[in-house]
Amino acid sequence: MGERQRIVIAKPGLDGHDRGAKVVARALRDGGHEVIYTGLRRTPDQIIRTVIDEDARFVGLSSLSGAHNHLFPRICELLRASELNDVVVFGGGIIPEADRPALYDSGVKAIFGPGTPSTEILEFIEVASSMDCGVGSNNDWRWGD
Amino acid sequence: MNRVKLARSLSAIENGDMEVDDADGRIFAITGPPGVGKSCLIDSILHRLAPEFSVAVLAVDPTSPLSGGALLGDRIRLTVLDDKEKSDSIYFRSVATRSSIGSIPSVVKSLANFLVLEAFDLVIIETVGAGQSETRCAAVANRIIVVEGPARGDGIQAEKAGLLELADLIVVNKSDIDGAQRVVNDLKMSLSINQEPPPIITTSALTGDGINELVKMMLSLEERESSKRARCRQQLIMAHENTIVNNPNFEEVIDRISQEGLSIEEALRELID
């Protein structure tokens, strides 16, 4: 098992579907990580504040409402503006294939859809924590390459 | 306040990479059984303290003894963090118990000292839900607030020794529910035999009843001389435990006890020397 990481699991925007986020939070906990769950309907600013105060190295964004194209890039942008360049962003929920390239370009390093085994997310955390692939890095590696 | 720097310093302390000097400040422990309303009460308190006072909160949640991971969920209750006027004077940090025993890891003492040195007016430590014998918070805080609630047992519960004796202030929360006054009466009856019984107040984090009074009492609460000895005792025990748990051979020695029949006495000698 890799090193213990502090990971924020966040639900941005107007979206009440939190089952997925809770399952992922639980899987990460059982994988030996410290998980901070934000609860529902958080704004990008609130999520950034949580990442800062909790000194998280990873932030996982869950969205099933269709607003990911706006919210995920906004969060990446705010992380860079706060000089949290080493924070790694990943996402999940209902994210259509067609939307993914733009999200990767904005700084998201992995997108996990329905049916992803939780072990895959743990593998991603382990691999990503051993490389310089934060939201402010120029590294264009992404999970699944 | 540079939040990024502050948060990263706290991680360094937590991981044992940074030492902190002792500090003399107002460090509160808010403790009590699970589900009694500690997080919601802290939210109500913060709504009244900020932005006039700067407050740091260390919220402790348990680490899984199986995986070493933790789900830190106290932040969800904090509506005050959504209030832009107030949230800038609040720093809220979730802390996992990691390998420590009991409701507060000893590193919390260093984290709290650091926050005092960073000029926070008050530092509040929220313990994990704690039982009757959980007196460990005395080692890390100099003002102890015990939160109780209605329907948690009969009058004999109030007579038992333990955590209640170390309280500097007792709060009976959920005063909106029947039975709160009865708990107050039981506690008063039991503690009236003591030399300096701590004040007891009722609050409701739900309706806001009693919160202003609680905040006022917190601000005027002084360190009690009579608890000083108990505090030193807990600090000594905690330091002793640390030398054992933080010994690099700790896990290996456990393996040897369980697999090679090493005796507990021999193991202790190895870990302490």
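This is a predicted model: local features need pLDDT of at least 70, side-chain atom pairs count only at pLDDT 80 or more; totals for chains, interfaces and linings use all residues.
Axes here are lines fitted to C-alpha atoms, for helices over the stretch in contact, and the angle between two of them runs from 0 to 180 degrees between N-to-C directions. Helix α10 of chain B covers residues 250-260 and helix α11 of chain B covers residues 264-272; they pack with their axes 10 Å apart, at an angle of about 165 degrees. Since angles over 145 degrees count as roughly antiparallel, that makes α10(B) roughly antiparallel to α11(B). On the α10(B) side, the contact is made by Phe250(B), Val253(B) and Ile257(B), and α11(B) answers with Ile264(B), Ala267(B), Glu270(B) and Leu271(B). As for handedness, α10(B) and α11(B) cross in a right-handed way.

Another helix pair in chain B is worth a look. Helix α1 of chain B (residues 3-14) and helix α4 of chain B (residues 107-117) have axes that come within 9 Å and cross at roughly 150 degrees. This pair, α1(B) and α4(B), is therefore roughly antiparallel too. The crossing of α1(B) past α4(B) is right-handed. From α1(B), the residues involved are Ser9(B), Leu10(B), Ile13(B) and Glu14(B), and they meet Val107(B), Ser110(B), Leu111(B) and Phe114(B) of α4(B).

Ile27(B) sits in strand β1 of chain B, residues 26-31. Setting aside neighbours within four places in sequence, Ile27(B) is in contact with Ala112(B), Val116(B), Val123(B), Ile125(B), Ala141(B), Asn142(B) and Arg143(B). Is Ile27(B) buried or exposed? It has 25 C-beta neighbours inside 10 Å, so Ile27(B) counts as buried.

For a contrast, jump along the chain to Met189(B). This residue and Ile27(B) are 162 residues apart in sequence, and their C-alpha atoms are 28 Å apart in space. Met189(B) belongs to α7(B), where Met189(B) and Gln181(B) are exposed. Helix α7 of chain B runs over residues 180-191, and its twelve residues reach 17 Å from first C-alpha to last, close to the 16 Å expected at 1.5 Å a residue. Which residues of α7(B) are buried? They are Ala180(B), Val183(B) and Leu187(B). These cover an arc of only 60 degrees around the axis, which puts them on the same side of α7(B). The exposed pair, Gln181(B) and Met189(B), is on the other side.

Helix α3 of chain A takes in residues 68-81, and at 1.5 Å a residue its 14 residues should span 20 Å; the C-alpha atoms at its ends are 19 Å apart, which agrees. Its buried residues are His68(A), Leu71(A), Phe72(A), Ile75(A), Cys76(A) and Leu79(A). Looking down the axis of α3(A), you find these buried residues within an arc of 130 degrees, so they line one face of the helix. And what covers them? The cover includes α2 (44-53), β3 (58-63), β4 (88-93), α4 (100-106) and β5 (108-112) of chain A.

Next come some backbone details. Most residues other than glycine have a negative phi, and most peptide bonds are trans. After α3(A) comes Glu83(A), with a positive phi near 60 degrees. Glu83(A) lies in the loop between α3 and β4 of chain A. It has 11 other C-beta atoms within 10 Å, so Glu83(A) is exposed. Asp55(A), also not a glycine, has a positive phi of about 50 degrees. Its place is in the loop between α2 and β3 of chain A. With 22 other C-beta atoms within 10 Å, Asp55(A) is buried. Over in chain B, the peptide bond joining Ala50(B) and Pro51(B) is cis, with omega about 0 degrees. Pro51(B) lies in the loop between α2 (38-49) and β2 (55-61) of chain B.

Finally, the two chains together. Their contact takes 24 residues from chain A and 22 residues from chain B. On the side of chain A that touches chain B, α1 (19-30), β2 (34-37) and α2 of chain A each supply at least two residues. The largest share of that side, five residues, comes from α1(A).

Technical notes:
Residues are numbered from 1 along each chain as its sequence is written. Chains are lettered from A and ligands numbered from 1 in the order in which they are written. Helices (H or I, at least four residues) and strands (E, at least two) are DSSP runs, numbered from the N terminus. The expected span of a helix is 1.5 Å times one less than its number of residues. A residue is buried if 20 or more other C-beta atoms lie within 10 Å of its own, exposed if 12 or fewer, and partly exposed in between; C-beta atoms are placed from the backbone. The arc is that of the directions from the helix axis to the C-beta atoms. Two residues are in contact if their C-beta atoms, placed from the backbone, lie within 7 Å. Angles under 35 degrees count as roughly parallel, over 145 as roughly antiparallel, 65 to 115 as roughly perpendicular and the rest as oblique. A crossing is left-handed if the near helix is turned anticlockwise from the far one by less than a right angle, and right-handed if clockwise.
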